[in-house]
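Opening the notebook on this one. I want to go through pockets, strands, core and charge pairs in turn.

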Amino acid sequence: MMSGDHINTPTEDLEDLYENAPCGYLSLRPDGRIFKSNATLSGWIGFSQGELLGKKLHELLTTAGRMFYETHFSPLLRMQGFFNEVALDLVTKDGKKLPVLANAMERRDDAGNLLFIRVTIFLAAQRRRYERDLVDLRTAAEAAKREAIAAKVLAEAGLTEEQAVAELREQFIAVLGHDLRNPLASIGAGTRMLLKEELSERAQKIVALMQGSVSRMSGLIDNVLDFARGRLGGGIAVDLNAREPLELVLQQVVDELRVGSPSRLIETHFEITHKVYCDRARIGQLASNLLGNALAHGAADKPIQFVVSTTSEQLEMSVVNGGDPIPPEAMNRLFHPFFRGDVRDSPQGLGLGLHIASEIAKAHGGTLVVASSPIETRFTFQMPLRPGGEG
């Protein structure tokens, strides 16, 4: 039960959504100076919201960006009152360039007087990934339509009902996974709002469990979508680069799982001393799936060991848990989709996590293997530091 007298107002709720939106926001006075920004943008560029007050937008741009601002950005805004999808490079506090896409809209009163200008900013890489996902979904939908037509022809020729249902299932899960993302994001935002309230100790634990469920559900949706794309010919797409350290992503995965399973001990040892050319989001997904499997099937009274290291040639990741060994009859099917094992059945997943993990390993030119004994079960992922000769 909630304690204390304070209750969030609708204004406070909207403010939380504004501050933590997936895009950056700036509000400019008629003279072009910033009078409001959100926490998302501050996190991207390293300037606090207080430091941004009073600055002009062009002060955050590169030299080329300032020229573009004066010759295109500002005149276009004056002429039509808005602009869409303008590519710019922001300069972060430590002097790095941050490619973004910006939209802007003037806000005027009934008399036509300019009140302020709202600028919405998206990370260029984030936008490209969103657009790529839309293309993937369209491609998957087209492939599904073609397969549905073929399925109908085969069904009329004697295709069994079971095979027809399998075709329909693949189309259904692709749509289902996509439509679940929006309500899940709302639940996540709701838990953040609740944590701002004065909660009892029991309520705090409940909210923490909800956040863990949101994290686990997000992972399940990713697995469903990846499986659907793979079955429809899209495969696992990866963006291989070494722009950011891998350790930060892996630590975030561990932190999220610790929140969802506070009674379980996850011991980590990271020794990543070389650049790893990989898709960090995908490697994080692989690690999350392996750790989630260990939490679901490992002995609750024994710690899970998560070890990641590099040599001059490869990355190696191991997830180790205690408990009963994997039965020999299950080993050959462990990485098959929808396989959860009769003996080691668990309500924690769909039986896709290990399959998706193995597909991510293959996409990186690597391998994922398992060894299981009465002492421990160990999953080991290895990949070259530069898959396919990436430079």
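What volume does the second largest pocket have? I get about 230 Å³ for the second largest pocket. Before going on, I note that this is a predicted model, where local features need pLDDT of at least 70, side-chain atom pairs count only at pLDDT 80 or more, and totals for chains, interfaces and linings use all residues. Residues are numbered from 1 along each chain as its sequence is written, and side-chain values use heavy atoms, with hydrogens and water left out.

**Pocket**

My pocket search ran on a 1 Å grid over the protein atoms alone: a pocket is an open set of points where a 1.4 Å probe fits, with protein on both sides within 12 Å along at least five of seven lines, and a lining residue has an atom within 4 Å of a point. The volume is the space filled by probe spheres set on the points, which are joined across faces, edges and corners.

I looked up the lining next. It has 15 residues, and Pro 30, Gly 32, Tyr 69, Ser 74 and Ile 117 are the closest to the centre of the second largest pocket. Two elements give two or more residues to this lining, α4 (63-80) and β5 (114-123); helices here are DSSP runs of H or I with at least four residues, strands are runs of E with at least two, and both are numbered from the N terminus. The most comes from α4, with six residues. Sorted by class, I find seven nonpolar, three polar and five charged residues in the lining. For that sorting, Ala, Val, Leu, Ile, Met, Phe, Trp, Tyr, Cys and Pro are nonpolar, Asp, Glu, Lys and Arg are charged, and the others, Gly among them, are polar.

I followed β5 to its partner. β4 and β5 pair in the antiparallel sense over nine bridges (DSSP has to find at least two bridges for a pair).

On to β3 (residues 82-91), which pairs with β4 (residues 97-108) in the antiparallel sense over eight bridges. Asp 89 sits opposite Pro 99 in β4. This hairpin also has five residues between its strands, and Gly 95 in the turn has a positive phi of about 90°.

**Salt bridges**

How many salt bridges does the structure hold? I count seven, taking a side-chain nitrogen of Lys or Arg within 4 Å of a carboxyl oxygen of Asp or Glu.

Glu 106 turns up again here: its side chain meets that of Arg 108 at 2.9 Å, N to O. Glu 106 is buried at 14% relative accessible area, while Arg 108 is partly exposed at 42%. My cut-offs are under 20% for buried, over 50% for exposed and in between for partly exposed, with a 1.4 Å probe and protein chains only.

Glu 201 and Lys 205 form another salt bridge, with 3.9 Å between the closest N and O atoms. They are about one helical turn apart because they lie four residues apart in helix α8 (residues 201-231). Glu 201 and Lys 205 are exposed.

Also in α8 is Ser 218, partly exposed at 27%. I checked Ser 218 against Leu 184: 34 residues apart in sequence, they are 7.6 Å apart in space, C-alpha to C-alpha.

**Helix α12**

Is α12 mostly covered or mostly open? It is mostly covered, with eight of the 11 residues in 353-363 buried. Among them are Leu 354, His 355, Ile 356 and Ile 360. Lys 362 and Glu 359 lie three residues apart in α12, about one turn, and their side chains meet in a salt bridge at 3.4 Å, N to O. Lys 362 is exposed at 58% and Glu 359 partly exposed at 26%. Just after α12, Gly 365 has a positive phi of about 70°.

β9 (residues 367-372) and β10 (residues 377-384) pair in the antiparallel sense over six bridges, with four residues in the hairpin that joins them. Ala 371 stands opposite Arg 378 in β10.

Last stop, the largest nonpolar core. Of its 40 residues, Leu 250, Leu 291, Phe 306, Met 317, Phe 379 and Phe 381 touch the most other members. The elements giving two or more residues to this core include α12, β9 and β10, and α10 has the largest share, seven residues. Members are buried Ala, Val, Leu, Ile, Met, Phe, Trp, Tyr and Cys residues joined through side-chain atoms within 4.5 Å.
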